[in-house]
Structures are given as C-alpha cells and as structure tokens.
Amino acid sequence: MTGTQSSLPAPVARLWEPLLERSRSKRALLLMAPLLVFELLLFVAPFLILLRISLMEGAPDLRYAAGTWSLDGYVEVFTNGVLLDPIIYSFKLGLAATAITVVIALFYAYAIWRAEGALKSALLFSVVLPLLTTLVIKTYAFRPLLSPNGTLNDVLLTLNLVSEPIQFAPGTVGVLVGQIYIVLPYAVLAIYSVLSTMDWGLVEAARDLGASRPRSFVEVVVPQAMPGILVATVISFAWSVGAYAAPGLLGSRDLAFAIEVEQRLLSNLDWEIATAYSVVMLVLMLASVAVLTVVLGRFGGEVEYA
Amino acid sequence: MSEITLSGLEKRYGDELAVEDVSVTIDDGELLCLLGPSGSGKSTTLRMLAGLETPTDGDIRIGDEDVTDRPAYERTTATVFQDWALFPNKTVLENVAFGLKMQGVGKEDRHDRAREMLERVRMAEYADDDPMNLSGGQKQRVALARSLAVNPDVLLLDEPLSNLDKRLSEDMQIELREIHAELEETFVHVTHDQDEAFTLADRIGIMADGTLVQVGEPNEVYQNPKNRFIEGFLGDTNFVEGTVERTTPDTVRVETELGRTVGLPTAAADATALEAGDAVTLSLRPEVLSVEPVSAASDDAESSGAVRADGSTTNAVVGTIENVLYRGSTVRYSVVVNGTTVFVERTVGDGSAFDAGDEIRIDWDGADLLAFRDDGSRVDL
C-alpha cells in the first residue's frame, strides 16, 4: 500500500496523504466521493479547460487556435493598458460595495437579533424576500427609481433639496446601490447566523462593567460576530468584484471586468485573451481574499475549517 | 455611604407580575442574601439593582442618589452572573481589566490592577489563558475578580455558585465571606440554596411569588418564620394538619391527624383568640422530636398533654417505622402514626438503631412547635 502511495507524484501525494490521514479508512473517502465528483465535474474540469484555452494562440476568424501553445493572451493582459482599467474599476466597486454592505448588514443583523416576535419575523422575511426575485428584475428596478426623471429625483426636487435632477442611474452610484442590494441579504444572513448563537448576557456583562451601548457593541458584539463578518466580507467582495448585472444594467460607462470579458468572448472572439484575463483576475481575487482573511482574523475572526 | 434602599419596587412583564412591592434597606457593608425558589423574583430584583431591568414602579437609591432610571453602565454596581458571562474573545487578564478599560484607565495601570485581583482569587497563573478553557470554579473566580476590579460600591451576585458542584460551592462560600469581610463592601447575593444563604448572609431576605416575605438574620428567620411557606422552605419539617379543640387561658388544644390531641402552651392573645373548629397546621421539626423504643416507654399514665415534672408538656405518639434512609451522619426514619407519615432523625451512633417495622415512640415539648393558620400566617404562641 505504501508502495502505491509513494509512486504518486509529489504534489498529489501532498494533497492525498493528509486526506487519507484524516479519513483513516477508505470507507470515509467513499462517502466523500459524490462531493469529489461534483467538484471535479462542475469546478475543476471547466477551470482546466479555461486554463488550457488561455494558453492557446489567437485565431483571426475563430475563438482560438485549438491545439496550439502560447502565452500571447497573458502578454496582452499585462501590456494592454485598456485591460487594466476594468480591473481597477472592479476592485474599487468591490471595496466600496463590501464596506457599505458589511456595515449595513452588521446593524441589520443586530436589529434582527435583538427584535422579538412579529418584528423579528418581519425583519428576517424582508431579508429573504429579495432573494425570491430574479436578479435582473430587482436590479433593473433601480432604473425607474434612480434615473433623472425617476422617483428619487421627484422627491428631491419636490422637497427643494436639489435644483435639477441628478443622474444616479445610469451611473456609478446606481451600480453601487444595485450591487449592495444584490449582496446585502447574504451578508445579513451570514452575520445573523453567528449573532444568533451569541449570549446576550455578554453584552449585559459589558454594560454592567461600565461599557456604554456603542462601546459594548464594539467591544463585545463585533468581536463575537467576526466569523460572520468575515464570511459576509468575502461573499460581498468576491461577488462585487465579479459583478456583471449591476454594472451592465445600471452603469453608463461602467466597464467592469466581467463586462470586458463578455465583450472579448462574444464580440471580439478573443478567447485566449478573455480566459487569460479571467485567470489573472482569479489569482488577484484569491490573493485579496487571503489578505482579508488574515486581516480580519486578527480581530478575533478565527474561522474553523474542521 | 452605599446604603441601598428599595422602595415599592415592582416589575411587570405584560400581565405577569414578576416582582411586587419589594421594600428593603440594605446597610453599608452588609451581605444580604435574597433566598427563594426559582421564579420567586429574586434574580429580577437583583437585575433591577444592577440596572439591567427597569422597574415598572418604585425606586432604588444607592447612598443618597436615586438610580432608578440610570442605565447599568452608569451605576456603581458590579454583577457576578450565574453563567459568569466571561468574554470569549479576550484573555483572562483582559476580562478582569475590562471594567477599568471602560473607565479609561491606561493599559499598564489596569493590567497591574487586574493582576492584583487575579492574585486575590488565586488565578494569577491563568492571566494569559483563554477563559473558555477554564473549569467552572476557575471561571467563577475570574468573574469575581472582574467584578471586584472596578471597585464597586455594591457587588451583586446572581446565583454564581449554582453551577458548581457541592464541595466547590462550599469552598467558594467561605472564600466569598472572607472577601466580603476584607473589602467591607455591600454584597447582595441571590441564591435558591438555604445552606448557602445561612453560611453567607448577615441577613436573609426570603422571596416567594415576587414578594419579599421576611427579612432578618439567619437564626431569626429560622426560629421565627413569618409564615408556613418560610418554615417549609428553610428546612425539612413535618406539617401536621389539625383543628382547634378548645382554648384555655394558657393552652391551645389541637386535635391532629396523628390521632392525639396536642397541647400548645401559650399566653399570647393571638393564640387564645383561636376558636374551636379553626384549622391549624403544626410544624414538627425533626430536631425537636425525640425518639425511643416503645418497650422502654414509661407507662401510659403519661398521656398526651400531661405536665412533666419540669413543667413542660409531653405529647408522645407511637408509630411504626416504614422505611429507613441513611444520610451519612444522620439516619432518617419515616414513621407512620395513625395513617400519617412523619419523619424523625437520629444521629448515627446515638443509641440503638431501629429497623423498618419497629414500633417507636415519638415525643416532643409542646413549646417547641410552631402553628400556622389556614392562610399560612403564623400563630403567635
């Protein structure tokens, strides 16, 4: 048995052995098989295909030149300045949407946690409700609300708060609002799931020892909610950086990375560039999430993997 | 200075009255135990003192200040909670230093003071540990240190020992007494455990159904319970039902379910005002009952209510032992007397032991009994 194992290539063995170590018996691995097959078919295999395409040569009339090997796609990504802007835009959108979403979600989750009876149900339901509507419709619904002749401007003009209409959408403000609206329910639920297991007695203990309401929130609630905040941050960030619907439906000149990829794939037929672009973006995302995890982990948000 | 006055304190949750008209003055430096069964309102009263609950009526004064509407963080009280409520994301030291941090004490100063407190409760070596890894007794000590670190005017203890095992809890009771003696601060301690209350308290306040029934020194509430509930709650006793047969100027004669008429020597107007036919309940504490084998009993001439040579009255009854319960240093016998079961206790090694089925004679001095009216109030004998 050890013979077969040591004959595995080193990287595979490195992954395989702890797995064996953990499961102790092959039966446990068998139980994991459906999950492994699922992951392989739906995630690993498509990603390998994408990786392979990114390493092909471009072809004038085709999507890519099948069977060829080339780094042209990556060279294009790193040298063509036009491709840099969408990355910067997407990361800015990701940071802004995440920061606002997590703050709102934290207070919202706290409100649900503290509410009782019918109010609690109503607050929880109001979080879940948007999830029951299709993303395109609920995002597009912000256009009549935020456009220059939309409802919000009507209100602002009537109240004499502005002298002429402001174009929230189509525009970056609209994109931001739309994106926050998309990810907020997930962020609220992630934080609430952690808060709901927390003992209110800890907050009482903090108040009893002289912590004011805001202070006890910062000192006790936030550190306790940190695992949920971390999950909410990662979900919001990953989704917002890869956002497609909100910039597409509510943006004007909002060229997000995902839209650029779509154009390269469908209009320009530059598949090797689009895929290389995606791979680079994936690496950047992984690096950012790793940094986020480490930074937030400092504040007590230890995520249990086991 | 930090005398506490509660007057007409009331807490209502919707239609439910959790605490009703509680008024008491707690002296500076006193250790008051609020004792009562669960649901009696003792914890709610304590939480109102801490500022964690707002009274629906009445007020609370600490020293000269009315603190009724003051939030917990602006009160000079500190609470030790039943489940200790240690902050899981902070070390033991940070937990103890928390209150001082809230007061704006610099990091070094507050850590020095926290270390001092941890030493006092003999937990100094755990300063950098995660409180979640400590045992119950250790968490309890840390919680105590954390509350003491802010140097509160009043320390409130909400059943802090109820999650500990008996031995540990008893050790902590002694330690709490020592700390109380040393600090000379006012302590209010809530418990449902009579032994704990008797060990700790300068005075005991007994609560039932949201009201404060009686407040007094431990031996006073034990010897002079105000009503039947307190008599039953403070220790084990036999309640025997009966009806008044007749009242003379110096005795109330009660016909009991034991099949004997029991004489209660009295001169009090309260007792002689009882009328024939009034229902009364007598309390026969095991410590006032003496037991002897029937064979050794003197002749039947010494009948119920007879006056002995020393002037006390005797009320002996005979019964059959139903079962025997060994309780370590004492043995408890359940005895059936005229169809009613009463229990008596003997210290192990105190005379001959009895077995189930034996006939024994139970005797007492009528002056040692307490009597209660139908509504639970005590008859003044």
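**Burial and charge pairing in a predicted model**

Visitor: Why is A:Glu204 called buried?

Guide: In this predicted model, A:Glu204 has a relative accessible area of 11%, and because buried means under 20%, the residue is counted as buried.

Visitor: What makes the pair of A:Glu204 and B:Arg47 a salt bridge?

Guide: The closest N and O atoms of B:Arg47 and A:Glu204 are 2.6 Å apart, and the definition asks for a side-chain nitrogen of Lys or Arg within 4 Å of a carboxyl oxygen of Asp or Glu, so the pair qualifies as a salt bridge.

Visitor: How do you know that this pair joins two chains?

Guide: B:Arg47 lies in helix H1 (residues 42–50) of chain B, whereas A:Glu204 lies in helix H11 (residues 200–208) of chain A, and therefore the pair joins two chains.

Visitor: Is B:Arg47 buried or exposed, and what value decides this?

Guide: B:Arg47 has a relative accessibility of 18%; because the cut-off for buried is under 20%, B:Arg47 counts as buried.

Visitor: What makes B:Glu116 and B:Arg113 a salt bridge, and where in chain B do they lie?

Guide: Their closest N and O atoms are 4.0 Å apart, and the pair is counted as a salt bridge under a rule that asks for a distance within 4 Å. Both residues belong to helix H3 (residues 107–120) of chain B, where, being three residues apart, they are separated by about one helical turn.

Visitor: Which residues do salt bridges with shared partners join into one network?

Guide: A:Glu204, B:Lys11, B:Arg47 and B:Glu53 are joined in this way.

Visitor: Which residues of helix H4 of chain A are buried, and how do you know that they line one face of the helix?

Guide: In H4 (residues 72–79) of chain A, the residues A:Gly73, A:Tyr74 and A:Val77 are buried. Seen down the axis of H4(A), the buried residues fall within an arc of 95°, so they line one face of the helix. Their cover includes helix H3 (26–54) and helix H15 (271–297) of chain A.

Terms used:
Residues numbered from 1 in each chain as written. Chains lettered and ligands numbered in written order. Predicted model: local features only at pLDDT ≥ 70, side-chain atom pairs only at ≥ 80, totals over all residues. Heavy atoms only, no water. Buried < 20%, exposed > 50% of the residue type's maximum accessible area, 1.4 Å probe, protein only. Helix = DSSP H or I, 4+ residues; strand = E, 2+ residues; numbered from the N terminus. Arc of directions from axis to C-beta. Contact = heavy atoms within 4.5 Å.
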